[in-house]
Amino acid sequence: MKCKKLLIFFLSLSFCSLFAQTGVKERIPVELRVAGIGNTGIEVIVVDTTLYLPAITVLSFIGIKNSYSPEELKIEGFYKTTSAPYEINCSALEARLKKIRVQLTSFDYLIEDGELFLRMEFIKNFFELEFRYNKRRLVIELSRVADLPKVKYVERQKRIEHIEARKIVLPQPDVTLERTFSIYDGGRLSWNVFNRYSKRRTPSHHYNLNFGSGLLGGDLYMRLYGIERERKPFQQFRTQWRVPIFEQPLIRQITIGDVTTGGIESRLVRGVEITNRPFQQRYLFGYEDYDGYFNPNIDVELKNTQADYEYSKTDTSGKYYFNVPIYYGQGILDIKSYDPWGFQESERYRMNVPYTLIPPGTAEYSIVGGKTKYTLKRYSSTANVQWGVTSNLTIGSSIDYIDF
């Protein structure tokens, strides 16, 4: 009888010892909360008091690039930036982050239904992430990591939504007021006077008067400026009356008065100019298509020093496309791609559009005739023609006549 009791005691003792070694595996649904990213539901495995997390699910959710090989039980990727590669090789019981190597044990991982689970304490120490598990609430929390790429990705998405919500879209006007003919439509006078004194030079007095007005359906502009001094006093008076023509694209404006010619040698003449040049100086050159290839299905941002911020996404082949307004002058255009893992690519374009270029497909002409001022006072005429061949090429021709 004693032998039977002893046998039963030893058997139960060895069973308890075996039970303590293997432990009880239990799947528990919990909520993963990551500050700055959001919440998601996952299933974890608890063996006694040890918590194991589904590796690929957790790493993907918090934005750590990963690639899993089930045959080799190996996870590869990079952490935060491509300059920080890592590898977790469960079959070789070794992990590496940059040049730092860590030894794994058989208790650091589990394989359940073909899915790899890693011990939470191992992930916490390996990636230096402050995971906290609340047993009562069944919640795993991760405090905000500012330089985590997924956090930046979510912040960027919110910023894009905010920009889109605040974008101003101008509605089409209900009523358009046409320009009406008037004999006199008001005017404006501006002036400034200043004196200059120097020990080495005689005093000089400078003056500048400008007057603009609407007269006989056109625009009248007059300017008087000069310098009063003992030697070589200087004075100039210029006047110009311009008539805009809106309905006729072949002749957009006629100017009578003091006009500057183009041609081989620029001259100031008092005469007439007929042209199809726009009323105001161009500031928009046109629109250019910018496209290229990054990784598929990622965000692409365009920042232009001359225009507004633009946002797009690459398609399944990785192609992006922007139709960008190009303005005269100099500027920089940056195109950057962002993915949730922290991988970035960028392209930069430097723009330099001189005012001598005209939009492609546009033809401009100017015919000026009159009498030169402040020189020989000879009769002169000039005809200029320009044609925008492409966005990079404008060709032109000029004919000058001077009555000697």
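## Strand pairing around S26

Two strands are taken to pair if DSSP finds at least two bridges between them. Helices (H or I, at least four residues) and strands (E, at least two) are DSSP runs, numbered from the N terminus. This is a predicted model, in which local features need pLDDT of at least 70, side-chain atom pairs count only at pLDDT 80 or more, and totals for chains, interfaces and linings use all residues. Residues are numbered from 1 along each chain as its sequence is written, and side-chain values use heavy atoms, with hydrogens and water left out.

Strand S26 (residues 379–390) is joined to strand S27 (residues 393–402) by 10 bridges, and the two run antiparallel. A hairpin of two residues connects S26 to S27. Within this pairing, Val385 has Ser397 in S27 as its bridge partner. S26 also runs antiparallel to strand S25 (residues 363–372), with nine bridges between them; here Gly369 lies opposite Ser381 of S26.

Thr255 belongs to strand S17 (residues 253–260). Its relative accessible area is 3%, so Thr255 is buried (under 20%; exposed is over 50% and partly exposed in between, with a 1.4 Å probe and protein chains only). Leaving aside residues up to four places away in sequence, Thr255 touches Gln240, Trp241, Arg242, Gly271, Val272 and Glu273 (heavy atoms within 4.5 Å).

## Exposure of Phe181

Phe181 is placed in the loop between helix H4 (149–166) and strand S13 (184–196). With a relative accessible area of 60%, Phe181 is exposed.
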